[in-house]
Amino acid sequence: MSIGRDNWGSRLAFILAASGSAIGLGNIWRFPTVAARNGGGAFVQVYLLFVILLGFIVMVGEITLGRRTQRNPVGVFRELAPRSLWVAVGFLGVAAGWGILSYYSVVAGWTLSYVFTTAGGTFSSGISAENIDLIFLGTIASPARAIFWHFIFILLTVGVVMGGVKQGIERWSKILMPMLFILLVLLVVRSMTLENASIGLKKYLSADWSKVTGSTLIAALGQAFFSLSLGMGTMITYGSYMHRNENIVRSAGWVCFSDTLIAVLAGLAIFPALYSMPGVEPEVGAKLIFIVLPGLFSKIPFGTLFGTGFFLLLSVAALTSSISLLEVPVAYFVDERRWPRRRAAVVSGLIAFVLGIFSALSLGAVDGLSGILKIGPRTLGFLDLMDLTFGQFSLTLGALLIALFIGWKWGARALVDELSHQESGGRLSGFIAFQIRYVCPLVLIALLLYLILNPNAFA
Ligand code: PHE
């Protein structure tokens, strides 16, 4: 099956591409606000623990499955557990790829459009708060604009994936990832040298353990899986392009480390800026990124430059993630159905685009899509529902099933064997096998039960 399949050019290429998948809107948009709401430094510590004890373990497991079989998530289960229901886990991953990409690309499309809005000097001094609100409303609630930018973003994603593993994903990750890092460091420096930067820094990093509750743990775990691109076979797929003589444990360690580093750095860029102005309270998600921050850009020196850099950073981070989302269904069509890669990329992109139209229209353009479900105080529109179903529930369920599969069906022994295949991956393999067999399933089952009993925790 592996004959004629593309491979990464080097170990660094895998690490850059997999980090590119992991680092995305989840790190820069979601992590800082989730952290701030849940006790700042205390949340960061809980999060780190989850990344090391669960995220890292599941990542090693996924990469190992992919590398062992050199196949896509559906193919993995077909090969290791023929004629069983396990193959459904692979299909769940393919569906999650489409599901997440469909709304991810809508938000990434807004980001992309803001690169141009900001660069054009729209958020320069003198713009009123109402106008900033109106610009955002105009972006998300106008059907033509929302769909147009969603389309452009899917087009970029399809373009990269069509190029293949080496010529597409690897080549672009090598350009985009260093660019992202440099942009972020520049932003952190700009932010930390603002007046009153220390106020925001303190809010972000001082540990307030009184805010750490049951739902904080849920938030940290959900954030960890989404941010590390786990639970849908992205890492299985990227692992399947890895050579057999590479050290999985070390590579996974690098990916977890860089994903976490970027998330923490993003907070260092956003928080000092946020609190540098009196009277601004941290907002969550879309409001923070598209309303509060442009307000700041309009008031600080070099705001237009800073703002353009910020939205460019966000777009780049989103692109290297969206290509990994698309690659899962594409790998399925290429491996299992023998489709040419180009056709697989175009058809898969089209499916995500069409599905995403509903999300694009759910933020004011079409009433029927804006308020579908009420959970506690929140009214969820189509986009939120997609995030809930695919971004949170399906990834957690997928991670649980993958851990159960490795620990109990394929066997912890087989995992240890594969990890011992190269030099030093074996040293931690006993610990990893134990975690994947007992700790990951127990924690994930507890989390899923909690979520089913307390749907409010989603909000
Ligand atoms: N990890 C990406 C982010 O943080 C999102 C993602 C999830 C990508 C699942 C691939 C698979 O934005």
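Is Glu 336 buried or exposed? The exercises below work towards this and related points.

**Conventions**

This is a predicted model, in which local features need pLDDT of at least 70 and side-chain atom pairs count only at pLDDT 80 or more, while totals for chains, interfaces and linings use all residues. Residues are numbered from 1 along each chain as its sequence is written, and side-chain values use heavy atoms, with hydrogens and water left out.

**Exercise 1. Decide whether Glu 336 is buried or exposed, and find its salt-bridge partner.**

Step 1. Take the cut-offs: buried means under 20% relative accessible area, exposed over 50%, and partly exposed in between, with a 1.4 Å probe and protein chains only.

Step 2. Glu 336 has 18% relative accessibility, so Glu 336 counts as buried.

Step 3. Glu 336 forms a salt bridge with Arg 71, with 3.2 Å between the closest N and O atoms. A salt bridge here is a side-chain nitrogen of Lys or Arg within 4 Å of a carboxyl oxygen of Asp or Glu.

Step 4. Glu 336 belongs to helix 14 (residues 303-336) and Arg 71 to the loop between helix 3 and helix 4 (73-80); the pair links distant parts of the chain, 265 residues apart. Helices (H or I, at least four residues) and strands (E, at least two) are DSSP runs, numbered from the N terminus.

Step 5. Arg 71 has a relative accessible area of 11% and is therefore buried as well.

**Exercise 2. Trace the salt bridges made by Glu 418.**

Step 1. Side chains of opposite charge can pair when their charged atoms come close.

Step 2. One partner of Glu 418 is Arg 67, at 3.0 Å from N to O. Because Arg 67 lies in helix 3 (residues 41-69) and Glu 418 in helix 17 (residues 382-420), this pair ties together parts that are 351 residues apart in sequence.

Step 3. Glu 418 also meets Arg 244 in a salt bridge, at 2.8 Å from N to O. Arg 244 sits in the loop between helix 11 (234-239) and helix 12 (248-275) and Glu 418 in helix 17, so parts 174 residues apart in sequence are tied together.

Step 4. Arg 244, at 33%, is partly exposed.

Step 5. The structure holds 10 salt bridges.

**Exercise 3. Describe how helix 17 packs against helix 18.**

Step 1. Helix 17 and helix 18 (residues 429-453) pack at an angle of about 160°, and their axes are 9 Å apart. Axes are lines fitted to C-alpha atoms, for helices over the stretch in contact, and angles run from 0 to 180 degrees between N-to-C directions.

Step 2. Angles under 35 degrees count as roughly parallel, over 145 as roughly antiparallel, 65 to 115 as roughly perpendicular and the rest as oblique. Helix 17 and helix 18 are therefore roughly antiparallel to each other.

Step 3. By class, the contact of helix 17 with helix 18 has 22 nonpolar, four polar and one charged residues. Ala, Val, Leu, Ile, Met, Phe, Trp, Tyr, Cys and Pro count as nonpolar, Asp, Glu, Lys and Arg as charged, and the others, Gly among them, as polar.

**Exercise 4. Find the setting of two residues with positive phi, Gln 70 and Arg 83.**

Step 1. Gln 70 is not a glycine, yet has a positive phi of about 55°. Gln 70 is in the loop between helix 3 and helix 4, and is buried at a relative accessible area of 14%.

Step 2. Arg 83 has phi near 50°, a positive value in a residue other than glycine. Arg 83 is in the loop between helix 4 and helix 5, and counts as exposed at 84% relative accessibility.

**Exercise 5. Summarise the whole chain.**

Step 1. The chain has 18 helices and two strands.

Step 2. Of its 459 residues, 59% count as buried.

Step 3. The C-alpha atoms fill a box of roughly 65 × 50 × 40 Å along the principal axes.

Step 4. A compact globule of 459 residues would have a radius of gyration near 23 Å, and the 21 Å of the chain agrees. The radius of gyration is taken over C-alpha atoms, and the globule rule is 2.2 Å times the number of residues to the power 0.38.
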